[in-house]
Amino acid sequence: IQMETELRQAILENELILYYQPRLELSTGNIICLEALVRWNHPRLGLIAPNDFIPLAEECGLILPLGEWVLREACLQKVRWLEAGILNYQIAVNISPCQFQDEHFSDKAIHIIEKTGIDPSYLEFEITESSIMQNMETTVAVLDKLCKIGISISIDDFGIGYSSLNYLKHFPIHCLKIDRSFVKNIHSNKDDLAITNAIIHLGHALNVQVVAEGVEELSQLAILKETTCTTIQGYLLSPPVSVFDIEQSFNQYN
Ligand code: G
Ligand code: G
Ligand code: MN
Ligand code: NA
């Protein structure tokens, strides 16, 4: 309960901050996207990882104001980078299932986009399979609405949800993010390699981008290059880093 009160306060008092993790396109070696990942800069406890407060936020409903804060801050940051002429990449924002199922989700998102003045084609929403399987009809309507204004949609943690592949036919999806549990042992486990390969080929056939998540080692990267995977994300390239650090380390490549 105390943590809930503190988190509510944290959202209002700007104690949350966004870190960013780059996504690399293998064919060009260019960074093409930054994924926004929230942290809580707690006045007493220091930096708290999202795994330690997102589940609580989802339980107590604070995920809605928290998610709005994240989207607004990511949009404002993108606008600042555009004005500064740096880090000209897409911005990916994680949308939790509770947020996606909120009936006002798309209206709230569009409101934030208009207020911040961001061009929505710079935005990607990362949603999970469980988000979209709840109610297929509303999902189609919401995704079509977002897609129409130029937002891209990616499926996060692809391959570990309990869902059919049927939805890929009906929904406007731009990217599949292969869950890092498959990528982890890609260099030593034939089954993981087979599954990763299958997802990559599915992506090519559906004409959607495929991102391998959690790439930590050169041996994984070498295999991913052979598999015709198009993009990667992971500690090998960079962990999620602060705005200061990303401006320092990646601006030179822009
Ligand atoms: O950044 P890190 O790897 O510690 O994130 C851990 C988990 O928290 C991941 O599953 C990630 O998707 C989730 N997460 C991080 N930032 C956000 C956010 O802004 N919104 C939501 N809904 N989840 C987030
Ligand atoms: O669920 P989602 O894909 O949004 O989770 C993003 C989380 O994955 C972030 O918390 C980030 O810190 C973590 N992450 C990013 N790259 C790697 C990696 O190479 N290895 C591991 N173990 N975690 C990673
Ligand atoms: Mn993600
Ligand atoms: Na993921």
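This is a conversation about how the terms used for this predicted model are decided.

Biologist: How do you know which parts of the model may be described, and how are its residues, chains and ligands labelled?

Modeller: Because the model is predicted, local features need pLDDT of at least 70 and side-chain atom pairs count only at pLDDT 80 or more, while totals for chains, interfaces and linings use all residues. Residues are numbered from 1 along each chain as its sequence is written, and chains are lettered from A and ligands numbered from 1 in the order in which they are written.

Biologist: Why is Ser-131 called buried?

Modeller: A residue is buried if 20 or more other C-beta atoms, placed from the backbone, lie within 10 Å of its own, exposed if 12 or fewer, and partly exposed in between. Ser-131 has 22 C-beta neighbours inside 10 Å, and therefore it counts as buried. This residue lies in helix 6 (residues 129-133), where helices (H or I, at least four residues) and strands (E, at least two) are DSSP runs, numbered from the N terminus.

Biologist: What makes Met-3, Asp-157 and Thr-228 partly exposed?

Modeller: Met-3, in helix 1 (residues 2-12), has 16 other C-beta atoms within 10 Å, so it is partly exposed. Asp-157, in strand 6 (residues 152-158), has 17 such neighbours inside 10 Å and therefore counts as partly exposed. Thr-228, in the loop between helix 11 and strand 9, has 14 C-beta neighbours inside 10 Å, so that residue counts as partly exposed too. Asp-157 also has a positive phi of about 55° although it is not a glycine, and phi of Thr-228, likewise a residue other than glycine, is near 65°.

Biologist: What makes strand 7 and strand 8 a pair?

Modeller: Two strands pair if DSSP finds at least two bridges between them. Strand 7 (residues 175-178) and strand 8 are joined in the parallel sense over four bridges, and the bridge partner of Ile-178 in strand 8 is Ala-212. Two bridges also join strand 8 to strand 9 (residues 231-232), and these strands run parallel.

Biologist: Why is the crossover from strand 8 to strand 9 called right-handed?

Modeller: A crossover is right-handed if, with the strands pointing away from the viewer, the path from the first strand over the helix to the second runs clockwise. Here the chain goes from strand 8 through helix 11 (residues 218-226) to strand 9, and this β-α-β crossover is right-handed.
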